[in-house]
Each structure stands twice: as structure tokens, then as C-alpha cells.
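Please keep the sequence and the three-dimensional view at hand while reading.

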Amino acid sequence: YVLNGTKQFIAMGAQAKFMTIFARTDKSVPWTEGTSGFMLFPPKEGFEVGRLHDKVGLRLYPQHELIFRDCEFSEEDRLGEENQIHASRRNISNITNIGTLEATSTALGIARRAYELALNYSKERVQGGKPIIEHHLIAMTLLEMFTRLEAARTMMWRSAHSIDNGGSDDPKLPRATKVLAVEALNFITTKAVEIWGGMGVMKEAPIEKLYRDAIQLYHMGNTNQVNMLKAMADL
Ligand SMILES: Cc1cc2nc3c(=O)[nH]c(=O)nc-3n(C[C@H](O)[C@H](O)[C@H](O)COP(=O)(O)OP(=O)(O)OC[C@H]3O[C@@H](n4cnc5c(N)ncnc54)[C@H](O)[C@@H]3O)c2cc1C
């Protein structure tokens, strides 16, 4: 096999010592039927790590381009049967579910930090003669943040339980959970920016980083639209 092309946004692409590469091996059929998987142990002739993508958030979690120029792979490098990698993945869908849950738990970690920082700040910051948490609109916002965080966290535990048990009781659950968690996360970080007032957008304060990190989660572990499309198939 001779691979040519460039992959974008690959997490830990410059650091990985082992990679799995999916490549089209039959273009006369749909990609689901004409894609094979290959093992790659860099360095390798014809393989090169390209530029580092300059993201606004999650900046300690790097993504690189991976470039293939007449890069040769043998049959021994191939994972499973030729053209069958997507069929194989369907049989081990729990691996996809675990990846989805990883993104969900990352989302909830950021959301929890943003909620806790907003809660603590609201007890310290005094405006109108009292801590801002004593203003009902602020307390109500905090309660809404708490509610969405706990709803997403509870659903994540439910998904994890399902995956531990083979994932067969409700296959749409992990993807639906990720969609809910990402929406909750971006609601919570936005509200945290509001509650911190002008300090919310200052680089010297911790909130703006969480806000920048949060939008990364829309794309990691598949986009909301793609997760919904796939979950819908299991309705
Ligand atoms: C931080 C980060 C880490 C990443 N890590 C990796 C990695 O390790 N490995 C890897 O392979 N990729 C990785 N990616 C890439 C990521 O998987 C893609 O960015 C993501 O799947 C979206 O693909 P795209 O950027 O091509 O957007 P597009 O596919 O161009 O999507 C653009 C918009 O169209 C929507 N859309 C696309 N198709 C449909 C459809 N059929 N119906 C309705 N709406 C649709 C999308 O939901 C999105 O809103 C990473 C990305 C980020 C941001």
C-alpha cells in the first residue's frame, strides 16, 4: 500500500509512538466499505509531522498535521481485513463510546471548575451593599448552572454504567450525553464570565481560559450534529 495525503487536527500527533491510520483503499465504493486501517510506528519514510495547529483553547493538548508522501505500508501493517475497518469498528462500538465519554468527562471537568469559581466569587464580590449571590438574579443563574451540570453528570454516570455492561442497553446514550454535556458546559462557562463581571474576560483571572477551552469540546469526540445524526439512527 502507498499512502498519500494529509490528516488535520490530530491530537498528540507529534508525540505519539503508535498511531492507527484510516485510509481509502477502494474509491469505487462508499467510504464505509472502502477504508482500511493501518498501524504506524513513527518515524517512517514518507511520513512527516506538519504544523502545530494554533488553537484558542486547550492549548496544552496539541494537534498537528500528519503528512503522507508515497508512504509504504505492508499487509502486516494492516488492521484486519482490507476495506473492512468501519465494519470492524461497528462490532467494537464500545471503543467509540469510551472515546465519546472521554470528551464528555473533559467537558464536565471544565464545567465544574467554572461553576465552582462562579459560586465562590459570588460569595466574595460585594455590589449594592451585599455579596452578589444575595441578588436573586445571580443566585438563580448559579442554580441553573448547578442544575445543568448535575443533569449532565448524572447522565454521564448512566452512560458509563451502560458502557461497562457492553453498551447494548441503549446505544444512543453516550452520544446523546456528550451533546447535553457540551451544551451545559458552554452555558456554564458563559454564565461564569457574566458572574465574574469585567474580571471574567481578563487574562489575569481564571475564567476566560475555561471559556476558551469550552468551545473546543464542540468538535472533540465528534460534533454535536454528527453525534445527533448517529444517535438518531438508534431511536
Ligand atoms: C481539539 C481538537 C482535537 C481533535 N483531535 C482529533 C484527533 O485526535 N483525530 C482526528 O482524526 N481528528 C481530531 N479532531 C478533528 C475533529 O474530529 C473534527 O474537527 C470534527 O470531527 C469536525 O470535522 P471538521 O472540522 O472537518 O468539520 P466539518 O465536518 O467541516 O463540519 C462543519 C460543520 O458541519 C456539520 N456537519 C458535518 N457533516 C454534517 C452532516 N452530515 N449533517 C449535518 N451537519 C454536518 C458539523 O457538525 C459542523 O457543525 C480534533 C479537533 C479538535 C478541535
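Helices (H or I, at least four residues) and strands (E, at least two) are DSSP runs, numbered from the N terminus. The model is predicted, so local features need pLDDT of at least 70 and side-chain atom pairs count only at pLDDT 80 or more, while totals for chains, interfaces and linings use all residues. Residues are numbered from 1 along each chain as its sequence is written, and side-chain values use heavy atoms, with hydrogens and water left out.

Helix H3 covers residues 136–164, which is 29 residues. From its first C-alpha to its last, H3 reaches 42 Å, close to the 42 Å expected at 1.5 Å a residue; the expected span is 1.5 Å times one less than the number of residues. Several residues of H3 are buried, including Leu142, Met145, Leu149 and Met156. Here, buried means under 20% relative accessible area, exposed over 50%, and partly exposed in between (1.4 Å probe, protein chains only). After H3 comes Gly166, whose phi is positive, near 95°.

The structure also holds six aromatic pairs. Rings of Phe, Tyr and Trp (its six-membered ring) pair if their centres lie within 6.5 Å; planes under 30 degrees apart count as stacked, over 60 as edge-to-face and the rest as tilted. Two of the pairs are set out below.

| Pair | Centre to centre | Angle between planes | Class |
|---|---|---|---|
| Phe18 and Phe41 | 5.0 Å | 35° | tilted |
| Phe38 and Phe73 | 5.4 Å | 45° | tilted |

Phe18 lies in the loop between strand S1 (2–11) and strand S2 (19–24), and Phe41 in the loop between strand S3 (35–40) and strand S4 (47–52), so this pair ties together parts that are 23 residues apart in sequence. Phe18 is partly exposed, with a relative accessible area of 42%, whereas Phe41 counts as exposed at 53%.

In the other pair, Phe38 belongs to strand S3 and Phe73 to the loop between strand S5 (63–72) and strand S6 (78–79), 35 residues apart. Both Phe38 and Phe73 are buried, and together with Tyr1 they form one aromatic cluster.

Charged side chains also meet rings. A charge sits over a ring if NZ of Lys or CZ of Arg is within 6 Å of the ring centre and within 35 degrees of the ring normal. The charged end of Lys44 is placed over the ring of Phe73, 4.7 Å from its centre. Likewise, the charged end of Arg148 sits over the ring of Phe187, 3.6 Å from its centre.
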